[in-house]
Amino acid sequence: MREFRKQNANFWRRWKAWLLIISVWTVPGLLSAIQMYFLVASGGHPIPWWQALLWNMPSWYAWAILTAIILALGQRYLIDRDHLGNLIVHVPLSILFALIHVGCTVINTRLAGPDDFRARPLLLSYWWYLTVGFHLEFLTYWAILGIGYFFDYYQRYRERELTAARLETQLARAHLQVLMMQLHPHFLFNTLHTISSTMHRDIEVADNMITHLSDLLRITLENVGIPEVSLKQELEFVERYLEIEKSRFRERLEVDMRIDPATLDARVPNMLLQPLVENAIRHGIALYSTTGKIKIMASKESDMLKIEVQDNGRGLSEEPDWLTEKGVGLSNTRLRLQQLYSERHRFTVFNAPERGLVVRIVIPFNKGSESIDDQN
C-alpha cells in the first residue's frame, strides 16, 4: 500500500509538472499569436484567428517538450561548485537544441504559415530563421536551465528547512520527556518519603495515603508521554495528591480552589500544578506549626489562561533565585513552559501582599484537542 501511494504521488507530481510547463509556454504563445494576427491585419492581408494560433502555438509548445528534456539533462549533467566541468557538456547541447527548435519553427511555418512562406525553399527558410533567431534560441536553453536550477535549489532549501524544523521539534519533545522523567521520580520519592515518615506514627493514615498514591500512579501512567491535559484533569491529579498531604497535616492544611468553570477545558502542561503545590507545602507549610493555607486560582484573561498557586508561608528569602534555580519543581516547570510556549508565556514568583509566596503562570488559552504543535 505504501509503495502504491508513493507511485501514485509520483504520477500526479509528473502530471502537475507537465501542466505547469505547458501553461508557462501557452502564455507567450498566445501573445505571439495575437501580435501576429494584428500585424498581418495591419498590412492589409488579414487572416483568421485560428490560423494565427496554428502559425505560432506549435512552435512554443515545441519548447514545452524541449523544456522537459533540458531539465532532465540539467539534472543528469549538474552544474554546481563540484561539477563546473559540465558546462562543456551544456554548451554543445544548447547549440543543438537551438538548431532543433529552429527546425521545428520552419516545419510549422511551412505547414500552417502564409503562402509566401510556404513558397520559399526549405533550406533558405531554415537559414533565414537561423540568422534571425538563433541567439534567442540559444539563450532560451540557458534560461530554462537556470530557472530549473533555481527551483531545484529552492526546493532543496525548503526541504533542509523542513528537516531542520522536524529535528528541532523532535529535540524539543525529547527535552520535554527528559523533564517529565525528572518530575516523576522526584514526585514519587517525596511522596514515599512522606508515607514512610507517617508509617511509624499512624499506620491507618499511612494506609490511606498508600491508597491515594495508587490513584496518583494510575493517573500518571495513563498520561505518560502526553505533553498536555485539560485543566480539569490536572486539578483531579492535584486533589489526589492533596488527599495524601491532608492525611499528613490534617487540620493544619487548608486548600482554597477558585477555578473559573470556563477554564476547565483549557489545555495545560501535564503535571503543571503538582510541583507548585508540593513546593508550597514543603517551603510554606511544613516549616511552621500554624495552619497552612494554599490557594489555587485559574481564570481566563482575553486569550490567555492565568493560574496562581499561593501559600501563607515564609515567602522569598534574601536569595530570591533559590527556589527557581535549585528547586526541582519550580525550575522544571519554568524550563517546560519555556520549551512549550517560548515567548508566549509568563512565569513569575513573588511575595504575596500580606504573607507567603505566589507562583503565577500565564499561558495561551487553548481548548479541546488543539495542541502545542498546532500553535507553532
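1. Strand β4 (residues 292-301) runs antiparallel to β5, the two being paired over eight bridges. The model is predicted. Across this pairing, A298 sits opposite I307 of β5. Two residues separate the strands in the β4–β5 hairpin, where S302 adopts a positive phi near 60°.

2. Strand β7 (residues 357-364) is also paired with β5, in the antiparallel sense and over seven bridges. Here E308 has R360 of β7 as its bridge partner.

3. β5 is mostly covered, with six of its eight residues buried. L305, in this strand (residues 304-311), has a relative accessibility of 0% and therefore counts as buried, the cut-off being under 20%.

4. Leaving aside residues up to four places away in sequence, L305 touches T263, A266, V268, S299, I361, V362, I363, P364 and F365.

5. Elsewhere, W15, W18, L19, I22, Y61, I65 and I69 form a nonpolar surface patch of about 660 Å². Both α1 (2-42) and α2 (49-76) contribute at least two residues to the patch, and α1 gives the largest share, four residues.

Key
Residues numbered from 1 in each chain as written. Predicted model: local features only at pLDDT ≥ 70, side-chain atom pairs only at ≥ 80, totals over all residues. Heavy atoms only, no water. Patch = residues over 30% accessible without salt bridge, like charges linked within 9 Å, V, L, I, M, F, W, Y side chains within 5 Å. Areas by Shrake-Rupley, 256 points an atom, 1.4 Å probe, with all protein chains shown as cover. Salt bridge = Lys/Arg side-chain N within 4 Å of Asp/Glu carboxyl O. Buried < 20%, exposed > 50% of the residue type's maximum accessible area, 1.4 Å probe, protein only. Contact = heavy atoms within 4.5 Å. Pairing = 2+ DSSP bridges.
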